[in-house]
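Me: I am new to this one. Please show it to me, and I will ask about the terms used for it.

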Amino acid sequence: MSQTARPENAMSNTATSNTATSNTVQSNAIVEIDHLSRSFGSKKALDDVTHSIEPGLVFGLVGENGAGKTTLIKHILGMLKATHGSVRVFGLDPVRDPVGVLGRIGYLSEDRDLPDWMTVAQLMRYNQAFYPGWDERFADQLRDQFELDPQQQIKRLSRGQRARAGLLIALAHRPDLLILDEPSSGLDPVVRNDILSAIIRSVADEGRTVVFSSHLLDEVERVADHVMLLHKGRVALSAPLHEILSGHRRLVLRFEAPQSARPELPGVLSYQGEGREWTVLCNGGLEELRVAAAHAGAQVVEEETPTLDEIFLARARAPRSA
Amino acid sequence: MSHAPGGDQAMNRASGQTLRKATALAWEFWAHGWRGFLWGMAGIFTIPGLIFAIEMGRPGGVPRALHVTGSLLCLVPFYWVIVLALGALIRPSLENPRLRYTLPASSPLLVVVTMACAMVAMFVQYAIVAMILNALFDTRWTIVGPGLLAAVLIAWCQAVLLSTSNSPGLRWFAILASVVALVLTVARWGPVIRPEKMADFLPGVGGREMLSFGLATLACVGLGILGFAKLRHGSGIDLRWIGDWLSERLDFRWAPRAKPFSSARAAQFWLECQERGYVLPVVATMFGTAAVVLALCVPARHITNGKPTDFAVFATILMFSALVAIGFYWGSRSPNLDFRAFNGSRPLSDGQLATAVLKSATLGLILSALIWTAFMVLVAWIVAMRQKYSMPLGAVNRTDVVDYLCGTTLGALAVWSAVSFITSLALGGKKVLGVAFGLFFGCYVLLPSMSQSLPYAFQPDISAEAYFKGCLVLWLVLCAAAFVAGWRWHLISVPTLCLAATLIVTAVAAAHFAGMPFERRYWPHVVFCCLIPLPLAAAPLAVCVNRHR
C-alpha cells in the first residue's frame, strides 16, 4: 500500500482553527483537561497537566517511557478517576457517564487487549451492538482491506493482524474521537503504513479527532497537527507541529579556536561536537544566538530545521523550559 | 571419560553451573509463590472458621463450637478438600512453563527442581495446617503419611500441567482421568466415603508406602520431563486437528448467519456466558461423568457402608467447596483482577457491566444445578442397584413436598447469594478482596477466640450468641448502606430494587413454610433472608471501584 501524503488543506484548516494553548480551556473542545495530577504511590505520573483538544485535530502525544502518556489516555477514557483536577470529554465526566463518552470513542489499546477466544466475525458482531453508528458495510470493507479472515480466532492472529483487528473495531463505528495508544508499536512498516493511512483518511474525510501516542516521531511528524511532549508527567512542550518545527533550528557553528568545553550560548537546548565545530539545537532567539556566537568567535556555517526526533531528545534531556 | 586434571575441572565447573541454575530456579519458585503460600494457608482456615462461627451462634458457646468443628474436621473427606485447596494455591507458581523454554538449562533440571519445590511446599503446608488443626480442635490428623500423599499428588498435577500447557481441552481431560484413577486407587484401601477418623488415614509410613510414593514420584518426574521436553521443542500433543478434521467433513454453510445482538446489554451477557459462564456447567458435566464412572467401577463394598445417597452427598459437598473458587473466577476480569483495556472501555455503565456478570453467573448456577442433580440421581440409583439397596420412599405427603420445595428454594437463594457475593468481591479487585477477607476473618474467626483468651478482667461482657447476632445486624446495616450508595451513585435502578424486594419476600416465605415461622427466636433467619439481595448492590459498587481507579 503506497504512502499517502497528509492533505495540505486539512493541515492549514487545523492550523488556523487550532487556537488552544496549554493554559486555556475551551468550551467547544472535545477533551478538556484541567490541572490534572495523578500519583501512584510515590511516583508522580501526571503533574498539573492542563490542555484542551479541539475537534478535527490529529493530536500527537509523545514522551519517553513512563512519561505519563497512557495514564493521560486512561483518564480520558475514565479508566482512571481524576483525583486532582478534572477531565471532561464531550463536556461529560467519563467516570460518571461512561456510556455517553465511550459510545463516541474508538480506542486501540497499547497491548491490543482483545478477547482471545473470539473470532474476527464474532468480535465485529459483538462490538456492533455497542455503537449505534456502526457501519456494517464500512466494517466489512475495513476487514477486507486489512485482510482479516472472519473465522480466524483472535489468539491465532499475528501481532500485526491483531493490531488491525483492534483498529477495525475502533474505526468501524465512525467515532467522534479516535484514541490510539502506541498504534505502531512492534509492527512492520507495511502494517504501520496501513494504520497511518487509516488515521489520515479518517481525519481528512470526516473531520474526526484523533489522539495518538507514539515513540515513532517520524510518524508523528507526518500526520499530527498538534504535538504535546510529556516529560516525567509534565507538559514539556505543546504547540502546533508547524510552530514546533519552525520554532527550532539546528545550527552548525565553527569557532576560530578549538573549544575544550561546551560553549555556553543562550537559548541552546542541546550540543554536539568537539574542537572547532559544534552543532547546536536552539529554540527561538536566533538573532541573540548569532550575536553571542559571534562574540565567542564562532560563525554559523549551516542552518536547518531539525526533525521532531531531535527536538524531542533535546527537550527530554534539557532542563524544563518556562 | 578423561581422567586428566582438565577433565575434572570441567566436570566441577559443570556441576557448579548446574547447582547455580538449580538454586536460581528454586529461588524463582519461592519468590513467585511465597505470598500465595502464606495467604493460602491463612485462607484454608476460613473453612473451619466458618463452621466454628456458625456453631458459636448456637447454645453451648466456644467449647461446644470447638468440639463440633473438631468432629467434622476428623472426617477423611475434609482432608481431600484441604488437599484440593492447597494444591490450587501452588498452581500459580507452576504457571507459564513457556517462560522456561528458552533458558539454557536441561529439561530434567527445569522440571525436577520446580517439582521438588512444589512437593516440599505442599508437604510443609499440609503439615502446618494439620498441626494447627490438631492444636486448636484436637482433630488428631496424621501428618507424615497424608503429607507425603499430598506431595505426590501435587507432583502429578505439575506433571499433567507441564505436559498439557498447549491445550486446555487436553488438560481438563487429563485432570479428570487423574481424579477417576485416584479415587479407584484409594478405594482399594477402604471405603472412600465411610466416615473414618483421620487418625486412621495412612497412620504409618512403612517400607511399602515409601516404595509406592517413590515409584509414583518417579512416574511423575518421568511424565513431566517427557511432556515438557516435547512441548519445548514444538512436538507436543495438539488437539486442533480434531476441529480441523470436523470442519473439513461437516458443511456449515447451511447454518444461518448469526443475527446482530438486540442491545449492548445482550451482547455483554453473551460475552460473559461465552467467556466464563459456561465453565461451571461444563465442570459439573465432567465431574458428574466422573462420578458415574466411579459409581460403576468402584467395588460395591468400597463405595459406602451407609446409604447410596452418601456418595452423592459427598460429591455435592465437594462441588459446594468449589463454588467459592468458581465465584472468584466469575468475578475476576484478568489475572490481576483489574479491568483491562477491552473490558474497561465498553460503553456500558458500571451497573450494566455488573448485571451482565450476575446474569451469567445465575444462568451458570441454574444449569449446573440441573446437570449435577441429574447426575447425582443417576449415581445414587447405580450405587443402590449395585448394592441391591432398596430405597423405600414411603408415603409422600403434601407437607413433605412443601418442606422440600421451600427448603430447596431457600438453599438455592442462599447459594446464589453467597457465590454472587464472592463474584462481586472479585469484581472489586485486590483491594476490595483484601479488605473483605480481613474483615471476615477478623470478625468471624479471630475476635471471638481472642476475646475468650483475654484475662478475665478484660473480657468483654458479651455472650457468643449476642456477638453473632450483633454481626448479623452489622451485615444488615452494610447491606442497606450498599443499596443506598448504589442508588445515590446511579449504579442501581428501580427494577433492581424491585428484584431485591422480590428475593427477600421469596426467601422469607420459603423460610416460613419450611418450618421457621415468624417468631422472635427465628429473627436471625429473617435477617439472613434480607441479606440475600446484597450482590445486586455489591457488584455494581465493586465494578465502579475497580473500573475507575
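Me: Why are α11(B) and α15(B) called roughly parallel to each other?
Reply: In this predicted model, α11 (residues 279-297) and α15 (residues 350-386) of chain B pack at about 5°, with axes 9 Å apart. Angles under 35 degrees count as roughly parallel, over 145 as roughly antiparallel, 65 to 115 as roughly perpendicular and the rest as oblique. Therefore the pair is roughly parallel.

Me: What makes α5(B) and α8(B) oblique to each other?
Reply: Helix α5 (residues 107-137) and helix α8 (residues 207-232) of chain B pack at about 135°. They are therefore oblique.

Me: Which residues of α5(B) and α8(B) meet?
Reply: Contact means heavy atoms within 4.5 Å. Among them, B:Leu110 and B:Met115 are in α5(B), and B:Val221 and B:Phe228 are in α8(B).

Me: What makes the link of B:Arg340 with A:Asp113 a salt bridge?
Reply: A salt bridge is a side-chain nitrogen of Lys or Arg within 4 Å of a carboxyl oxygen of Asp or Glu. Here the closest N and O atoms are 3.9 Å apart. The count between chain A and chain B is two salt bridges.

Me: How many residues does each chain give to the contact?
Reply: Chain A gives 31 residues and chain B gives 29.

Me: How should I read the numbering and the values?
Reply: Residues are numbered from 1 along each chain as its sequence is written, and chains are lettered from A in the order in which they are written. Local features need pLDDT of at least 70, and side-chain atom pairs count only at pLDDT 80 or more, while totals for chains, interfaces and linings use all residues; side-chain values use heavy atoms, without hydrogens and water.

Key
Axes are lines fitted to C-alpha atoms, for helices over the stretch in contact, and angles run from 0 to 180 degrees between N-to-C directions. Helices (H or I, at least four residues) and strands (E, at least two) are DSSP runs, numbered from the N terminus.
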